[in-house]
Amino acid sequence: MDTARNKGRDGAVAAPEAPAGPAGHAAPPRRNRFAVSHLAPRFAILAVWAAMIAVYCGTESNLFPHAGTFQTIFGSQQPLVFMTMALMCTIVVGEFVNLSVPAVFGFGATILPVLVVNHGWNVWPASIVAVAGCALVGAVNGYLVVRVGVNTIVVTLGMSTLVEGVSLWMSDLNTISGMPSGFQKIALFDVGGLPVSFYYGVVLVLGFGYLLAFTPLGRHMRFTGASREVSRLSGVRVDRIRFGSFVFAGLLSGVGSVIAVAAIGGYNATTSDSFLLPVFAAVFLSTAIFEPGRFNPLGTLVGIYFLETGILGLQLLGLQSWVSQVFYGGILVIAVTISTLLHRRAA
Amino acid sequence: MSVSQAEAAGTGYHRLEVASVSKTFGSARVLRDIGLRIAPGELHGLVGQNGCGKSTLVKILTGIYTPDPGGALTVDGRPLSLPVRPLEARAAGLSVVHQNLGLVDDRTVWENVRLGRFKAAGRFSRRIDGRAERAAVEAVFDRLGARVGVNERVGELSAEDRAAVAIARAMQDHEPGGGLIIFDESTRAMGKEARGRFFALVRSVIDSGASVLMISHQLEEVVQLTDRVTVLRDGQVVEAGIPTKETDEAGLTRLMLGRHLVTHSRVDSHARPELAAQVRQLAVRSVAEFDLDLRKGEIVGLTGLMGSGAVAAAEAIGGAREARAGTLTVGATELSLTPRRGSNEDFIRAGVVFVAERRLEQGLAGELSVTQNLTLPRVRSRGGRLRIGGGWQAQETAAMIKKLDIKPPDPNQLVGTMSGGNQQKVLLGKWLAGQPRLLVLHEPTQAVDVGARHDIIDAIREAAAGGCGVLISSVDAADLAVICDRVLVFRDGRVTAELAGELTQDHIIHATFGSPAEPAEPAEPAEPGELNAKGVAR
């Protein structure tokens with residue numbers, strides 16, 4: 001055995017002077033970017049979205065195909081855009097279940113009107129305190145998960161309940177309203193028929209998409225999410241990135257809450273829970289749009305408006321509010337399943 | 001049920017016949033008109049480079065992949081429907097023993113063997129009839145000629161007994177004298193001794209009349225054990241059913257690669273007088289007070305039995321493992337090996353890189369592309385703060401694809417979809433592209449084919465020729481003998497021998513196992529090809 005082993009392995013290597021094998025240094029195989037198998041998993045949701053609009057326009061020709069409908073769809077989802085980007089921050093680095101995002105948003109959205117309306121603060125310092133408070137909650141989450149090593153679900157579920165309770169206490173279970181009217185302009189100023197907050201969301205999504213695709217920080221975040229050990233051994237400051245993601249998630253929730261309070265003119269802390277499913281649905285739906293199997297900001301933005309279009313159309317058809325839960329849950333499961341199957345087939 | 005050897009011989013059928021089987025993924029055709037015939041009672045080898053299509057063929061035979069239309073599979077003359085249905089294949093006597101043997105460690109032997117086949121005790125009872133199940137398993141072990149306690153927990157078994165459990169599970173449905181087992185790189189994780197005993201079991205499977213298809217990278221195993229061998233290259237059969245008596249490892253390698261081989265002669269050392277790295281007072285796991293001076297261009301191997309400390313020392317020096325004490329000096333930079341690091345940034349900045357053995361756990365992110373993986377350590381240093389920049393990434397990736405002959409040569413290919421050998425090349429390229437000063441590698445050629453091994457060894461030598469100090473931790477004496485200028489042999493945390501000069505496998509193996517060939521007294525300085533030191537290496 002040893003003799004044979006020596007015979008075969010003791011330095012038997014391919015002669016460098018010989019020509020390369022059949023594959024040689026062949027050119028990279030060309031990918032047909034226009035093949036159905038390539039396009040279908042990326043754009044199927046867009047096609048479904050277009051078909052849905054066409055169906056609603058046909059069945060609700062009196063109600064749906066109006067500028068006001070589209071202003072409602074695109075002008076009312078800004079809180080969701082900020083919250084989904086906050087969730088994306090942690091999901092991209094591998095922390096998939098940050099359950100505290102809606103509660104942190106609600107925390108900031110409660111601090112601001114409480115300080116302004118109940119305590120007479122100026123809106124700007126109050127806004128800074130609200131954003132800082134949300135970032136602080138993110139930092140506590142990050143510290144417990146990253147430094148102490150507590151399970152993400154436990155930490156974020158606990159913090160979610162805690163800050164929601166604090167918000168309810170601060171607001172005394174009431175809707176706090178009565179923000180200065182001038183403050184509304186930062187969210188509702190009309191630009192091309194849509195409130196300026198819509199453009200904040202678009203800029204945020206494009207900026208986040210750019211960060212992930214083109215910057216060293218984004219590349220490091222993607223690798224941290226793919227494998228912490230590979231990233232650590234490659235020189236990526238893994239713990240710093242994970243901690244920073246939690247803080248930035250809090251910060252984004254805070255900024256989103258300030259803009260939401262400006263748009264609404266106040267906030268009711270009991271409504272925070274209702275954002276949980278839409279936030280997760282939109283973010284997970286992004287894995288079925290543009291980049292199959294990968295969470296991506298632009299796909300999330302499309303997902304938000306896709307879901308809102310579907311729900312609004314059904315409500316215009318006369319269905320009750322329960323339809324939103326059915327739609328969010330059902331579409332999420334169906335869309336991601338189809339995307340997964342198409343992606344597997346194309347792989 | 002499967003057909004016995006006598007019946008099959010009488011009918012003139014093959015135990016397994018694969019005809020015109022092809023497989024296409026997207027636009028890539030990875031298998032093309034594969035034909036394979038295995039006779040009853042035959043031990044048939046299947047060899048080929050990483051990525052040649054062996055695994056795809058096994059996945060077709062086991063029903064994981066659906067082949068392209070037009071192919072056919074028959075077992076003992078009876079056609080199998082395509083895609084293969086696992087239960088139908090099992091009934092026909094076709095079974096597979098995978099690389100990791102597919103055992104559940106915390107369950108008993110009989111539970112592992114009978115998994116998926118449990119029978120209830122009675123018509124109205126859903127309780128498993130343990131007594132009958134154990135008896136069935138014991139009967140299979142009797143046929144196999146293996147003695148394994150059926151109530152033992154699999155996690156507590158030796159490597160040999162674990163292999164016996166996997167084989168028993170595979171052959172339990174075979175009719176006496178019938179059936180076919182596919183061994184898919186089943187010896188990959190086994191030591192030399194366990195491997196020998198495993199082959200005895202395989203032989204007893206053949207003696208029972210079953211057929212075996214053995215897929216292996218170890219050509220010496222294939223040549224020694226099998227009756228005939230089929231060679232795949234680039235998704236095609238280049239030679240089908242060559243009698244192994246009529247070929248040898250060099251011949252098989254030539255067929256696998258499509259090019260000639262030469263026996264490698266050791267090249268002159270590239271070692272220069274200047275130091276590349278100094279390790280002082282390293283203490284990690286069983287290793288204590290380990291010192292090492294590594295010169296520029298020098299290639300030093302660390303080896304030893306499991307738990308000897310060689311691997312731990314290499315990992316600590318490469319920054320992958322926290323040490324109790326020790327420093328590493330590279331150029332003007334002194335790095336502490338002790339503190340827990342959030343990242344290896346300071347090591348990489350100093351030019352110290354670590355090529356991990358567990359490539360998809362420590363080296364590469366399978367879900368990201370070749371370019372993204374290859375350039376990761378340098379996106380901050382070479383890219384701008386606000387934009388990584390595509391030019392240098394494309395240039396670096398193209399250079400490494402060419403240098404290491406990475407296949408497919410597609411920068412956008414997801415690393416997880418590549419063969420093991422090509423993943424290893426991407427991992428090596430990821431670190432070589434940064435022009436390191438100290439390259440630490442752990443089992444750089446493990447589970448790669450002979451062609452990839454050649455490319456990897458060449459690249460390591462080229463790095464050394466460029467002045468990089470190289471440290472290789474490996475148990476592969478053949479590799480170490482070919483590449484290294486010096487080999488340090490560890491035992492119980494201490495360097496017990498330092499080999500230098502014209503190294504051979506035998507010298508390294510003798511030193512590793514402490515066999516009588518090892519000289520009793522140390523001698524310094526090193527003499528070519530002799531064991532020359534005991535104690536702390538310098």
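Two strands pair if DSSP finds at least two bridges between them. Strands (E, at least two residues) and helices (H or I, at least four) are DSSP runs, numbered from the N terminus. This is a predicted model: local features need pLDDT of at least 70, side-chain atom pairs count only at pLDDT 80 or more, and totals for chains, interfaces and linings use all residues. Residues are numbered from 1 along each chain as its sequence is written, with chains lettered from A and ligands numbered from 1 in the order in which they are written.

**The sheet.** Select strand 14 (299-304) and strand 20 (486-491) of chain B: they run parallel, joined by 5 bridges. Zoom in on Val300(B), whose bridge partner is Arg486(B).

**One residue's neighbours.** Pick Val440(B). Its contacts (C-beta atoms, placed from the backbone, within 7 Å) include Ile317(B), Phe354(B) and Leu471(B), not counting residues up to four places away in sequence.

**Helix 9.** Move to residues 249-257 of chain B. Buried residues here (20 or more other C-beta atoms within 10 Å of their own, C-beta atoms being placed from the backbone) include Leu252(B) and Met256(B). Gly258(B) follows, with a positive phi near 75°.

Methods: Two residues are in contact if their C-beta atoms, placed from the backbone, lie within 7 Å. A residue is buried if 20 or more other C-beta atoms lie within 10 Å of its own, exposed if 12 or fewer, and partly exposed in between; C-beta atoms are placed from the backbone.
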